[in-house]
Number of protein chains: 2
Amino acid sequence: MSLDRTLFSDVSRVFVIVCSRAVTSPFSLNDMPGSAGRMDLVCRFIAQSIFISHGVRKDSAAIAILKGKPDPPKAILVKGSEVRYMAPDERNVGGIIRKALSVDLKSAGWNAEWKRSTPGVYVAKRGLEEVLSELEQSGFDVYYLREDGKDIRNIRFGKKLAFVLGDHIGLSEEDERIAEAHAKEIISLSPVSLQADQCVVITHYELDRLAAEVR
Amino acid sequence: MSLDRTLFSDVSRVFVIVCSRAVTSPFSLNDMPGSAGRMDLVCRFIAQSIFISHGVRKDSAAIAILKGKPDPPKAILVKGSEVRYMAPDERNVGGIIRKALSVDLKSAGWNAEWKRSTPGVYVAKRGLEEVLSELEQSGFDVYYLREDGKDIRNIRFGKKLAFVLGDHIGLSEEDERIAEAHAKEIISLSPVSLQADQCVVITHYELDRLAAEVR
C-alpha cells in the first residue's frame, strides 16, 4: 500500500490526540459531551490546533484518533492550509467531524489512503501506530506530551514537529507503548495538569516565541 | 451604593473581556456565533478562565461585559470557587450565560450589587469602567493585554491580578481609554495575533510557571 507522501509536505506542526471514547459514526451536535463520547473535547482540540485571531495557521494540522463505538479506530485529519468554511466554535467543528464520520471507509480498508471529506478534512482507518509511522515517514520528529516529561523550554526543535497527546482519560497501555517507542522526547509543559486543547495552545505559543526569537 | 467587598476576596486572577456584539437577552444555543453575536467566543473565554484538567481553578474568575442588543451593557461574573454543574463545552457554558441573561436587573438598576443567577454565576448592569473600579477597590492590579504591550515575561506581578482583553473586534475608543487609564501596565503575550481564549490560556500558563518557579 502506498500513501500520499505530499499530504504533509506543507505541514510543519501537527497535533495528534487519542480520544478513548469519541464515537466513530455520526452523532448529535446537541450532546457532544455525552452520547458522542466527549466529542466537545475533540472539537476544541482541532480548533486550537489550527485557528488564530482572524485566520488559520496554514502550516498546522490536527489528527484525532477516535476509539469509541461502533467502528474504532478512525483517524480524522484537518489541515489548516486547505480548510474552508470552518469556524472555531464547537458546533461548527462538530458538524465537520460528523460529516467525516459518514464517509464510507469499508471499501478502502485498513490504513489505506486518507479519504477527503470536506476541504482540508480527511478520514482513514488508522490507529496511533499507523499515524505516527506515516508522520515519521513524512519527515516529522514525534514528541509525546506528558506531565513527567522534559520541560519544553529546554528542547531544541527541528523543522517538522508532531506532538502526541492523550484525552481526559489518557492513553491506553498499548498506545502509551506506541507513543514512547516513536517519541524523540517526552515533553512537559506546565506545573498544572491541563486539558488537551490548552496543551495545544501552549505548545503553539512556545514554538511561536522560538520562531520569533523572543524566548 | 455599597458593593459586596467579599465577592472577590477568594479570587487572585480575574479575566475581563468586552464583547462588542454579544447579546444581552436569552439566545439560541444552536446559533451562538450568529444571532447571539459571537457568544461562542464568550463561552470559550469563560471556560478557559476557570477550567483545568478534571477540575476548576478555585482562585480564578471571568467577567464578560456584553454590549449587544437589546439591553447593553450587562456584566456576567463566573467564579471558579463557587461554580457547580458547569462543564467546559460551549453549549453548557452558553446555557449558563443564557440563564444569567434572564435575571431581572431593572429593579436593581445601574451598578447595583451583582445578582446571583446559578452557583458561582452573577450578573449586573455594569460597563468596563464600573467593573475595573470595583476590581481596583477589591485590591486588584489591572493589566491590559494588547499586542503592542510589554512582554509578559518581563513583568513583576503582585498577588491579585485582573487582565482586560478585547474580543475579535477589539475595544471601542471609549473602552480603550478606560482600559488604559486603569492599567498598571499594557502586556503582550505572543508574536502571533491570538484569540481571546488563547490569551487566557497563555496568561494562566505564564503565571503557573511563575508560581512554581520554573520560569
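**View 1. B:Glu180 and B:Arg146 join their side chains in a salt bridge, 2.8 Å from N to O.** A salt bridge here is a side-chain nitrogen of Lys or Arg within 4 Å of a carboxyl oxygen of Asp or Glu. B:Glu180 sits in helix α4 (residues 173-182) of chain B and B:Arg146 in strand β8 (residues 141-151) of chain B, so this pair ties together parts that are 34 residues apart in sequence. Helices (H or I, at least four residues) and strands (E, at least two) are DSSP runs, numbered from the N terminus. Both ends are partly exposed: B:Glu180 has a relative accessible area of 39%, and B:Arg146 comes in at 23%. On that scale, buried is under 20% relative accessible area, exposed is over 50%, and partly exposed is in between (1.4 Å probe, protein chains only).

A quick note on what you're looking at: this is a predicted model, where local features need pLDDT of at least 70, side-chain atom pairs count only at pLDDT 80 or more, and totals for chains, interfaces and linings use all residues. Residues are numbered from 1 along each chain as its sequence is written, chains are lettered from A and ligands numbered from 1 in the order in which they are written, and side-chain values use heavy atoms, with hydrogens and water left out.

**View 2. A:Asp151 makes a salt bridge with B:Arg209, with the closest N and O atoms 2.6 Å apart.**

**View 3. A:Asp40 meets A:Arg38 in a salt bridge of 3.0 Å, N to O.** A:Asp40 is buried, at 1% relative accessibility, whereas A:Arg38 is partly exposed, with a relative accessible area of 22%. Over all chains, the structure holds 36 salt bridges.

**View 4. Eight strands of chain A make an open sheet with mixed pairing.** Reading across, the order is β6-β7-β5-β4-β1-β9-β8-β10. Two strands pair if DSSP finds at least two bridges between them. At the edges are β6 (115-118) and β10 (185-188) of chain A, each pairing on one side only. From one strand to the next, the twist averages 30°, with axes fitted as lines to C-alpha atoms (for helices over the stretch in contact) and angles running from 0 to 180 degrees between N-to-C directions.

**View 5. Strands β1 (residues 13-19) and β9 (residues 161-166) of chain A run parallel, joined by six bridges.** Look for A:Val14, which stands opposite A:Ala162 in β9(A).
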